Amino acid sequence: LSVFFSVVCGARKGFHEHYFQSAKEAPPGAAPRIHQTIVSPAVRKIGPEGCIVTYVRIVQVATKSGEHQSLAFEETRVWERRPGSKYGWVHVHFHRSRVPASYTNSS
């Protein structure tokens with residue numbers, strides 16, 4: 001579907017800001033702070049009745065001990081046009097795969 005680069009995957013400033021802000025604002029022993037970013041979104045229409053949405057979700061966690069962890073997930077959502085539904089489109093399928101650390105830690 002697409003190529004996945006380093007942990008940033010195109011997120012740029014907001015990605016790095018999370019780490020700086022969490023270090024400044026979190027008191028010692030505070031609950032983990034979680035920041036999620038959607039990057040590389042793509043929409044592909046499949047005929048008049050279907051649509052596939054793909055993207056990478058980056059989850060950044062600042063733990064109680066002050067450590068930081070980034071996880072990346074490739075996600076796919078399938079939508080189907082249903083004229084009888086309230087909004088016209090219904091989410092019919094979802095899939096998530098974790099991006100291996102070897103992809104997210106490379107430079």
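Tutor: A residue is called buried under 20% relative accessible area, exposed over 50%, and partly exposed in between, with a 1.4 Å probe and protein chains only. The model is predicted, so local features need pLDDT of at least 70 and side-chain atom pairs count only at pLDDT 80 or more, while totals for chains, interfaces and linings use all residues. Residues are numbered from 1 along each chain as its sequence is written, and side-chain values use heavy atoms, with hydrogens and water left out.

The chain has two helices and four strands, where helices (H or I, at least four residues) and strands (E, at least two) are DSSP runs numbered from the N terminus. Along the sequence these follow the pattern α-β-β-β-β-α. Of the chain's 107 residues, 28% are buried. The accessible surface of the chain is about 7,300 Å², and carbon and sulfur atoms hold 57% of that surface; such areas come from the Shrake-Rupley method with a 1.4 Å probe, and for residues only the protein chains shown count as cover. Among the contacts in the chain with a separation of 6 or more, 45% are between residues 24 or more positions apart, a contact being heavy atoms within 4.5 Å.

Now the sheet itself. Its four strands form an open sheet in the order S1-S2-S3-S4, with antiparallel pairing; two strands pair if DSSP finds at least two bridges between them. At the edges are strand S1 (33-46) and strand S4 (89-98), each of which pairs on one side only. Neighbouring strands in this sheet are turned by 20 degrees against each other on average, direction ignored. The axes behind that angle are lines fitted to C-alpha atoms, for helices over the stretch in contact, and angles run from 0 to 180 degrees between N-to-C directions.

S1 is joined to strand S2 (residues 50-62) by twelve bridges, and the two run antiparallel. In this pairing Arg33 is opposite Ala62 of S2, and Ile34 is opposite Val61 of S2. The two strands make a hairpin with three residues between them, and Gly47 in the turn has a positive phi of about 65 degrees.

S1 also contains Ser40. Its phi is near 55 degrees, a positive value in a residue other than glycine. Most residues other than glycine have a negative phi. Ser40 counts as partly exposed because its relative accessibility is 39%.

Next comes S2. Twelve of the 13 residues of S2 are buried, so this strand is largely enclosed by the rest of the structure. S2 pairs with strand S3 (residues 68-81) in the antiparallel sense over 13 bridges.

Glu75 lies in S3. Glu75 counts as buried because its relative accessibility is 1%. Leaving aside residues up to four places away in sequence, Glu75 touches Val53, Thr54, Tyr55, Arg57, Phe94, His95 and Arg96. Val53 is 22 residues from Glu75 along the chain, and their C-alpha atoms are separated by 8.3 Å.

The last pairing joins S3 to S4 through nine bridges, and these strands run antiparallel. Trp79 stands opposite His91 of S4. His93 is another residue to look at in S4. His93 counts as partly exposed because its relative accessibility is 42%. Residues up to four places away in sequence aside, His93 touches Thr76, Arg77 and Val78. Thr76 is 17 residues from His93 in sequence, with a C-alpha to C-alpha distance of 8.1 Å.

One side-chain pair remains. The charged end of Arg96 sits over the ring of Phe73, 5.7 Å from the ring's centre; the rule asks for NZ of Lys or CZ of Arg within 6 Å of the ring centre and within 35 degrees of the ring normal.
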